[in-house]
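Please keep the view open as you read.

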Amino acid sequence: MSSEIATRDEQQTVAAALPTGQLPVPAPTAGTTALMAWAQEADLAYQMAQKLAATSFVPQSLRGKPGDIAAAILAGSELGLKPMATLKSIDIIQGTPALRAHAMRAVVQQQGHDIELVESRPDYCKMRGRRRGSDTWQSVEWTIQRAVQMKLTEKAEWKKQPQNMLVARATGELCRLIASDALHGMAYVSEELEGTVHGEVVPARAPLAVAALTAPPEQPVPGAQAAETAHTVSRDDQPPADGWDQDAIDDSADWTEDGAA
């Protein structure tokens, strides 16, 4: 009874202090406070984007578009990426933000999930992964026959780098399978949406491939020089003539010769 009297007296005191007919302003909720903080973050991101929009650090698809750059920075922040890392990791493709394959693997691995490249060839790719704390591995396989059925091989980049494109496709499928909650709505890698590959260097044989572990050593052919392993890293600072653009990422090669991610 005493608490009810105290509450009523407090309400009467507040009402008396307000002008006639004006209701007290309710205290901000937790949701409102979070939204206000996000709005401040968005404003800072836009100010930053205006300064970066004309620089070469911004990918071609975002250059001169501070609004899109700010949106990418905010989206990357939700994934745990810093602004400059975001600009090397996210593409805006037909209005849809998408992570590059190497960035999606990094986001998932940062959450403690495991991803391994089991085998990689120009016509076949197998990857496996498991959620943090789980003993169960999930496997994903992509073959060139599957890409042909989906008419993916008609695209220019599939003709030039089928091995890298298979890895990108397997990455997206595996990450959605084991850790969709870590992607925050960016469920597709940009290579899936636009058909280009960004800075992937894939070994001819992944270290876990059975063939790589069991195959006998190759015998040198008399008089022949050893062929060097050819890798291709795509760039977009000099856009190709067939019309697609891709971002220059000189330091984004995330599969090394020994297959380490």
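Buried means under 20% relative accessible area, exposed over 50%, and partly exposed in between, with a 1.4 Å probe and protein chains only. Helices (H or I, at least four residues) and strands (E, at least two) are DSSP runs, numbered from the N terminus. This is a predicted model, where local features need pLDDT of at least 70, side-chain atom pairs count only at pLDDT 80 or more, and totals for chains, interfaces and linings use all residues. Residues are numbered from 1 along each chain as its sequence is written, and side-chain values use heavy atoms, with hydrogens and water left out.

Let's begin with helix α5, residues 101-110: seven of its 10 residues are buried, so the rest of the structure largely encloses it. The buried ones are Ala101, His102, Ala103, Met104, Arg105, Val107 and Val108. Their cover, by contact (heavy atoms within 4.5 Å), includes β2 (96-99), β3 (114-121), β4 (124-130), α8 (162-179) and α9 (190-194). Just after α5, Gly112 has a positive phi of about 95°.

Next comes an open sheet of three strands, ordered β3-β4-β5 with antiparallel pairing; strands pair if DSSP finds at least two bridges between them. Because β3 and β5 (138-143) are at the edges with a single partner strand each, one side of each lacks a neighbour in the sheet. Between β4 and β5 there are six bridges, and Met127 stands opposite Val140 in β5.

| Charge | Ring | Distance from ring centre |
|---|---|---|
| Arg128 | Trp137 | 3.8 Å |
| Arg146 | Trp142 | 3.8 Å |

Methods:
Lys NZ or Arg CZ within 6 Å of the ring centre and 35° of its normal.
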